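I opened my notebook to see how two chains can sit together. Here is what I looked up, entry by entry.

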Number of protein chains: 2
Amino acid sequence: MASLPPSLERLIGLLSRLPGIGRKSATRIALRLLDSSEAESRELARSIVEACEKTIRCSTCGGLTEEDPCGICTDVRRDRGLICVVERSSDILALERTGRYRGRYHVLGGLLSPLDGVGPENLRIDTLVERARAGELSEIILALNPTAEGEATSLYIAKLVTPAGVRVTRLASGLPVGGDLDLADELTLGTALEERRDL
Amino acid sequence: MASLPPSLERLIGLLSRLPGIGRKSATRIALRLLDSSEAESRELARSIVEACEKTIRCSTCGGLTEEDPCGICTDVRRDRGLICVVERSSDILALERTGRYRGRYHVLGGLLSPLDGVGPENLRIDTLVERARAGELSEIILALNPTAEGEATSLYIAKLVTPAGVRVTRLASGLPVGGDLDLADELTLGTALEERRDL
């Protein structure tokens, strides 16, 4: 079988390491890059390097930013008494899209997972405790995934920050809005039942 | 709503122009690139530029290569009397994967499509006719998509090369191997019936 030119083969290999990209998509993307003008392909290459160079983590919340502290942390219209704790910076985007949150954030950088060797020292938990002790906070919202790791991490953090006198809450679990009761798994439906609200 | 850092936003915009990549996948890929080591991201950027710089089109067949003529055209074990005509260079990969073809190729670079302004002068048809007239050929296999454009292009080419005394064939149309007769569309089933073979 004829093989692809080595430089193209290499590009396909690198592209197929990206999330959600298999070998077939990688080949399609690589061929498209060769077909588009050289200026366009160079623009993409430059943009990758530039984004990696310019984007840093906010020293306060850990979110992605080009200026430290980030735009959210310095936004005076945001409630300084409220911190929402998330696993990754992409979770901030999801929460901002709801348009219902006007506090600040704290990115942990992962979840506690002893089996994978992720302990509290690998996460940005100490800086969260510092922020809690600084005295400005009224509430910490734990917005971690409703999984075993997420629950364990939430409980661990709650134990650490409660002594500072801060209210600690977590996101509600239950039926997805617009979802079908019939299709919900038994754990979700059970939680929705247990955590039912007065109308 | 908080926005992403501008350099990241730009990268996501460029990534989402790639085939099969929507805004959501582009965001995931961009964040992964930021998370991976800077060396890895730079490697991808360099590989894009390198592949675009090094890969050229074979002056004989039009396929992608780093050396002109390409490995397939110079391969002495390949039947020089057989040319398979394809729309794009990625089609060569598909045919090579079958392991059933040992001739050479000719990439048209598209299909005739008057509505999109693609005429014979926009395709590599003249070089194909030259190859047919050179006298070495015994057969030209037209492996174009079984669509209106593909059929029109096949007929156009057949008319041009038949005077050179070359046999012209096209790929069989019919049921996909392993497919379900029940699920075949009526056009495919009709063609399969018309082009039935003796057992």
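This is a predicted model: local features need pLDDT of at least 70, side-chain atom pairs count only at pLDDT 80 or more; totals for chains, interfaces and linings use all residues.

**Entry 1: the buried area.** I began with the area that chain B and chain A bury between them, which comes to about 4,800 Å². Of that area, 70% is on carbon and sulfur atoms.

**Entry 2: who touches whom.** Next I looked up the contacts, and found 50 residues of chain B in contact with 50 residues of chain A. I then asked myself: through which surface do the copies meet? They meet through the same surface, because 100% of the interface residues of chain B are also interface residues in chain A.

Entry 3: I looked up the salt bridges between chain B and chain A, and the count is eight. One of them joins E53(B) to R42(A), where the closest N and O atoms are 2.5 Å apart.

**Entry 4: which elements supply the surface.** I wanted to know where on chain B the touching side comes from. At least two residues each come from α1 (6-15), α2 (23-35), α3 (38-54), β2 (64-65) and α5 (89-98) of chain B. Which of these gives the most? It is α3(B), with 15 residues. I also sorted the side of chain B that touches chain A by class, and wrote down 25 nonpolar, eight polar and 17 charged residues.

**Entry 5: the symmetry.** I checked how chain B can be laid on chain A: a turn of 180° and a shift of 0.0 Å along the axis do it, with an RMSD of 0.1 Å. That is the relation of a two-fold axis. Then I looked for the residue of chain B that comes closest to this rotation axis, and it is A45(B), with its C-alpha at 2.1 Å.

**Entry 6: salt bridges in the whole structure.** My search over all chains gave 28 salt bridges. One that I followed up is between R23(A) and E9(A), whose closest N and O atoms are 2.9 Å apart. R23(A) belongs to helix α2 (residues 23-35) and E9(A) to helix α1 (residues 6-15) of chain A, so this pair ties together parts that are 14 residues apart in sequence.

**Entry 7: the cis bonds.** I kept in mind that most peptide bonds are trans. In chain A, the bond joining D68(A) and P69(A) is cis, with omega about -5°. P69(A) sits in the loop between β2 (64-65) and α4 (71-74) of chain A. P69(B) is in the loop between β2 and α4 (71-74) of chain B.

**Entry 8: confidence.** Chain A has a mean pLDDT of 90, and 99% of its residues reach 70 or more. For the complex, the predictor gives an ipTM of 0.77 and a pTM of 0.76.

Note on methods
Residues are numbered from 1 along each chain as its sequence is written. Chains are lettered from A and ligands numbered from 1 in the order in which they are written. Side-chain values use heavy atoms; hydrogens and water are left out. Contact means heavy atoms within 4.5 Å. Buried area is the accessible area (1.4 Å probe) that two parts lose on being put together, summed over both. A salt bridge is a side-chain nitrogen of Lys or Arg within 4 Å of a carboxyl oxygen of Asp or Glu. Helices (H or I, at least four residues) and strands (E, at least two) are DSSP runs, numbered from the N terminus. Ala, Val, Leu, Ile, Met, Phe, Trp, Tyr, Cys and Pro count as nonpolar, Asp, Glu, Lys and Arg as charged, and the others, Gly among them, as polar. Copies are superposed by least squares on the C-alpha atoms of residues with pLDDT of at least 70 in both. pLDDT is the predictor's confidence in each residue, from 0 to 100.
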